[in-house]
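Below are some notes for a colleague who has not seen this structure before.

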Amino acid sequence: MFLDDVVNSGERLRADARATVLEILAAADRVLSTNPTATLDEIATEAGVARTTIHRRFATRELLLRALDRWAVHQIATALDEASPETAPPYVALYQATANVLRIKINLAFTQDNSDSPDPAQAAHDAVAERADALLARAKAAGVLREDTSIRWARRVYFALVHEAVLASSPDDDPAQLASLVLDTFCRGFGPA
């Protein structure tokens, strides 16, 4: 499982330990989004666990930050998968993927701003990009995007639009409405004339 790979021990975690790791990651995102220099003690307090619990799972602050990034990327990959990108009609899959990703990114303030740092999670970032490329290629083949569209460039623009939508949003914003705005902007730029 994903969480088993992000903790120090490398052991298979029990359900209660998984829940604790998830709470630590969520607390770290909340604390670090308002105070990027927060200590592990502050994160432990927010998570409602002892500092030793964090150290048992993440030996250093850097390992916690890497796990936080991998957790965010894992959530985004799952959100893409839930949009049925291989089977749903391309525009429907693109819309659902956009809404799903926005829902996650709006609530991950710290990882949203720090997800470009190079680390061992690069393979996960690359896998998300490959999934997005495959969905955009399907959209192009279905005529949702122009025939001359560069998939790589379209992905970069699409990711930038999603990023900007997240930066301009608040947790109260409706991800479905933001997805409509992103796709309207995206498809009018790359869509057929």
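1. In helix α8, the buried residues are H125, V128, A129, A132, L135, L136 and A139. The model is a predicted one, and the helix in question covers residues 122–141.

2. How are the buried residues of α8 placed when seen down its axis? They fall within an arc of 125°, so they line one face of the helix. An α-helix has 3.6 residues a turn, so residues three or four places apart point the same way. On the other side of α8, the exposed residues are A123, E130 and A141.

3. Which helices do the buried residues of α8 pack against? The partners are α5 (61–82), α6 (90–106), α9 and α10.

4. As for its length, α8 has 20 residues and reaches 28 Å from its first C-alpha to its last. That is close to the 28 Å expected at 1.5 Å a residue. Just after α8 comes G143, with a positive phi of about 85°.

5. A search of the whole structure gives 2 aromatic pairs. In one, the ring centres of Y158 and F159 are 6.1 Å apart and the planes are at 45°, so this pair is tilted. A pair counts as edge-to-face only when its planes are over 60 degrees apart. In the other, Y158 and F186 have ring centres 5.5 Å apart and planes at 65°, so this pair is edge-to-face.

6. Y158 belongs to helix α9 (residues 151–167) and F186 to helix α10 (residues 175–190), so their pair ties together parts that are 28 residues apart in sequence. Through the ring pairs, Y158, F159 and F186 are linked into a cluster.

7. F159 counts as partly exposed, at 32% relative accessibility.

8. For the chain as a whole, the secondary structure consists of 10 helices and 0 strands. Of its 193 residues, 45% count as buried. Among contacts with a separation of 6 or more, 69% are between residues 24 or more positions apart. The accessible surface comes to about 10,000 Å², and 53% of this belongs to carbon and sulfur atoms.

Technical notes: Residues numbered from 1 in each chain as written. Predicted model: local features only at pLDDT ≥ 70, side-chain atom pairs only at ≥ 80, totals over all residues. Heavy atoms only, no water. Helix = DSSP H or I, 4+ residues; strand = E, 2+ residues; numbered from the N terminus. Buried < 20%, exposed > 50% of the residue type's maximum accessible area, 1.4 Å probe, protein only. Contact = heavy atoms within 4.5 Å. Areas by Shrake-Rupley, 256 points an atom, 1.4 Å probe, with all protein chains shown as cover. Phe/Tyr/Trp six-rings, centres within 6.5 Å; stacked < 30°, edge-to-face > 60°. Expected span 1.5 Å × (residues − 1). Arc of directions from axis to C-beta.
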